[in-house]
Amino acid sequence: MSARPSSGGLPVTLAFVSGLLAVFLGERLFGIGTGRTVLSGLGVAVAVGALGWRFARMRSASADRRAVEAWVSGLYGVGLLALGLYFVQSDVGTGLFGGPLSQKAPRLAVSLAALFPALLACCLLPLAMVEVAAAAMTRAPVLETGRVRSALYSGLGLAFVLVFAFASMFVATQADVTWDLSYFRTAKPGDGTRKVIRGLNEPLQVTLFFPPANEVGEAVGQYFRDLSVESPGLLNVVRLDQAVEPARAKSLGVHNNGTIVLARGDRKEPLTVGLEIERARGQLQRLDQEVQRRLLTVARPRRVVYFTSGHGERAESRAVPGETTRPSVEKLKELLRAQNVDVRPLGVSEGLGTEVPRDASVVVVAGPTQAFLPEELNALREYSARGGRLWLALEPEGPDFQPLLEPLGLKYLKTPLANDQVYFRTSRQQSDRGNLGTATFSSHPSVTSLSSLAGQAPAVFLSAGALEQIHPLPGGIAQDVSVRAHGATFADANGNFTLDAGEMRRPWPLVIAVEKPAPAGQESMRAVVMADADAVSDLLIGNMGNAYLAVDTLRWLTGEESISGAVSSEEDTPIQHTREQDVLWFYATVFLGPALVLAVGFVTTRRRGRRAPRPRWREVSDEGSGPGPPRGPGGGRVDCGVRRLAARALRGPG
C-alpha cells in the first residue's frame, strides 16, 4: 500500500494563488519598470512551481487521493493558461507579433481580454471548494472522491454562472435595446429620419430643454439616443435645464423647458413638446414626423416647386356656381411644404409662356381641364430637355398632353379605367367600379416607402385614365411602371362600368417614372406621369398610401430618393365600420356570443353524463337470494365484494 501524504495540499494551493496575486500586483500597480518585471516573473515562477509540486504529489499518492490531485493539477493548468492568454494580449505579446495585438488582430485581442478572466474564474472558484472539501478529510484513511467531485462540479457551476452573468451584462450594455410594451408609446425613429441623419455632411446640434427626472424628457431623450447611433460624429444631442442654463436657452430662442431645438449653423428649428405627459401625448406619438420635418428644414437646402395655373388645374377650393367643385391639391402643397419646399404658382403672368424659372426644382401639372398654349408647351419641353423635373397628374376629361408625353415614350388614351371585381364602394352605385385600389408597386425609388410596407398601404385612384407605353422608346429614355392597377382592370370605352366585348383585362399602368441620363456634369431629365389627378387631391392625400406616393415622387424628382422611407407614428387609428359591419357586430354580440356559451355548456354536460356505468349489485339478502342490493346492519346497501371479504375474515383460514 502506497504511503499517504502527511499533510493536505492547501499550502501548495495558497502558494499558487499567491503567485497569481503577485502577477496581478505587478501588472496593475507597477505597470512598467523593474518592479513589474520582478514581481510578475516571481508570481509566474511560484505558480509553475506549485503545479510541479502538485504533480509530484499526485505520483506518490494513493489511488483515491491521486484522482483528487489530478483534478487540482488540472485546475492549476487552467489558471496558468489564463496567465498565458493575458500576456499574449498585453504589451508582452508585442514582440511575438511585431506590434500590439490590438492593432494586428483587434478581434483576437478583444476575445483574449474577455477569455482570460473567465478561465481564472473557472480555476479559482472550483479550486477553493475542492480544497475545502479535501481538507475536511485530510486524516481520513480513505478519501471520499465523490464528495470532492461534487465540490468540483459545484465550483465549476458557480464559475459558469458568474461568467454568464458578466457576459449578459456586457451584451446588454453594448446592445442598449429597450422594449416599450405600454399602451401609450413614444414614436421611434422611422426609416426616413434615420436616412436623413446618415446623410449629414455637417454637424447637427440637438438641444433638449427639460428639468431632471421629467417623464417627457426621458421619452424624448430615448428617441434621440436611438437616432444618434446613425451618425455619432455629426449628431450631437445635449440635455439642459432652462432654469439652470438661461443664457444658453436665450441664445437658442427658448424661454421655457419642454422644448427641442435643432440647430445647424445659423438655422434653428424649435419644437415645443411640453412637460406634462398627459398633454404631451399627441406630440410624442407624432414625434418622428415632427422631428423629420424640422430636420429637412435645417439639414437640407430649400427647394422651389411650381404648380402650373390658369388651365383649370386643381388649385385651391373655389366654389363656382353651376359647376361641381373638384377636390383641390391644397393638402398636397401643405405636405410638400413640410418637406422643406417653397410652393409657388406658375402661369403666363409668372413667365410660363416664355421660360420656366431657373430656380424650379420641379414643375407640377395637377389635373388641368384646358389645353396649354403652344408657347407654354414649348417652355415645358425646353425645361425638360435641359434636365428639368416634371410631375404630370392627368385626367380623362383634360388634354392629352401629347406634345409633352411623346418625347417621354408615353401616350394618354383618356379612356377611363374600371374594375368590377376589386374596387372601393362609396355611393353604392355601379360607378363605384371606377374607384381603383392597388398595392402593386415596383422597386423603383419613386415608390420606396410603398414597396417597403409590403401592401399595407394601398394607393387609391378615382376615375383614372389609360396610359400606354410607346415602343420602341425614344433614344436614351428609360421607363419604369412604378404603380400598376389590379389585373382585373379594363379600359371602359363606353363608360358603362361593365366588361364588354373587345375590352381586355390587364394591369394597366397608373404611374410611370421616366428618366433620360444626361452627360457628365449635367442633371438628368426626370418625369413622373400619373393617370389620375385625384390620387394627389385633398380627397385622397389623407390615405397613407397616397401620401407616401406623393412624398416619394417629390424626393425622386429632386434627387433625394436616398432619404425616402416610412415615418414612425404611434397615433391611434380610429376603427371605422360600414353599416353592414355594424349590423354584423350587433347580431354577433347579441345572439352568436350567448349561443356559443350555451353550446359549450351543452357539450360539457353531455360528456359528464356519458361516464362509465355503475357496478352491478348482486341480489343477495339476509334470508337468501332475493331482489335488491345487499344491505348493511343499519339497513344501508353494502357492496357484495366487501361483504364476502368480511365473512372470510370471520371464518378464518380454510
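Analyst: Let's start with helix H1, residues 10-30, in what is a predicted model. H1 has 21 residues and reaches 29 Å from its first C-alpha to its last, close to the 30 Å expected at 1.5 Å a residue. Which residues of H1 are buried? They are Val12, Thr13, Phe16, Gly19, Leu20, Ala22, Val23, Gly26 and Glu27. In an α-helix, residues three or four places apart point the same way, because there are 3.6 residues a turn. As for what the buried residues of H1 pack against, the neighbours are helix H2 (34-60), helix H3 (63-89) and helix H6 (106-135).

Helix H17 covers residues 544-557, and its 14 residues should span 20 Å at 1.5 Å a residue; the end C-alpha atoms are 20 Å apart, so the two agree. H17 is mostly covered, with 13 of its 14 residues buried. Just after H17 comes Gly559, which takes a positive phi of about 80°.

Now for a pair of helices. Helix H8 (residues 191-198) packs with helix H9 (residues 215-228) at an angle of about 55°, and their axes are 10 Å apart. That angle is why H8 and H9 count as oblique to each other. On the H8 side you'll find Thr193, Arg194 and Ile197, which meet Tyr223, Asp226 and Leu227 in H9. The residues of this contact divide into 3 nonpolar, 1 polar and 2 charged.

On to the strands. In general, the strands of a sheet pair through backbone hydrogen bonds, either parallel or antiparallel. Here, 3 strands form an open sheet in the order E13-E9-E15, with antiparallel pairing. Strand E13 (465-469) and strand E15 (490-491) stand at the edges with a single partner strand each, so one side of each has no neighbour in the sheet. Strand E9 spans residues 410-418 and pairs with E15 over 2 bridges. In that pairing, Ala418 has Phe490 of E15 as its bridge partner.

Most residues other than glycine have a negative phi, and most peptide bonds are trans. Lys414 isn't a glycine, yet has a positive phi of about 65°, and Lys414 lies in E9. With a relative accessible area of 34%, Lys414 is partly exposed. Asn340 is another non-glycine residue with a positive phi, again about 65°. You'll find Asn340 in the loop between helix H13 (330-337) and strand E6 (341-346). Asn340 counts as buried because its relative accessibility is 3%.

The peptide bond between His471 and Pro472 is cis, with omega about 0°. Pro472 sits in the loop between E13 and E14, which takes us to one more group of strands. Strand E14 (residues 478-484) pairs with E16 in the antiparallel sense over 6 bridges, and Val483 has Val511 in E16 as its bridge partner. E16 is also joined by 6 bridges to strand E17 (residues 525-530), and these two run antiparallel as well. In that pairing, Lys516 stands opposite Met525 in E17. As for E16 itself (residues 509-516), 6 of its 8 residues are buried, so the rest of the structure largely encloses this strand.

Key. Residues are numbered from 1 along each chain as its sequence is written. This is a predicted model: local features need pLDDT of at least 70, side-chain atom pairs count only at pLDDT 80 or more; totals for chains, interfaces and linings use all residues. Side-chain values use heavy atoms; hydrogens and water are left out. Helices (H or I, at least four residues) and strands (E, at least two) are DSSP runs, numbered from the N terminus. The expected span of a helix is 1.5 Å times one less than its number of residues. Buried means under 20% relative accessible area, exposed over 50%, partly exposed in between (1.4 Å probe, protein chains only). Contact means heavy atoms within 4.5 Å. Two strands pair if DSSP finds at least two bridges between them. Axes are lines fitted to C-alpha atoms, for helices over the stretch in contact, and angles run from 0 to 180 degrees between N-to-C directions. Angles under 35 degrees count as roughly parallel, over 145 as roughly antiparallel, 65 to 115 as roughly perpendicular and the rest as oblique. Ala, Val, Leu, Ile, Met, Phe, Trp, Tyr, Cys and Pro count as nonpolar, Asp, Glu, Lys and Arg as charged, and the others, Gly among them, as polar.
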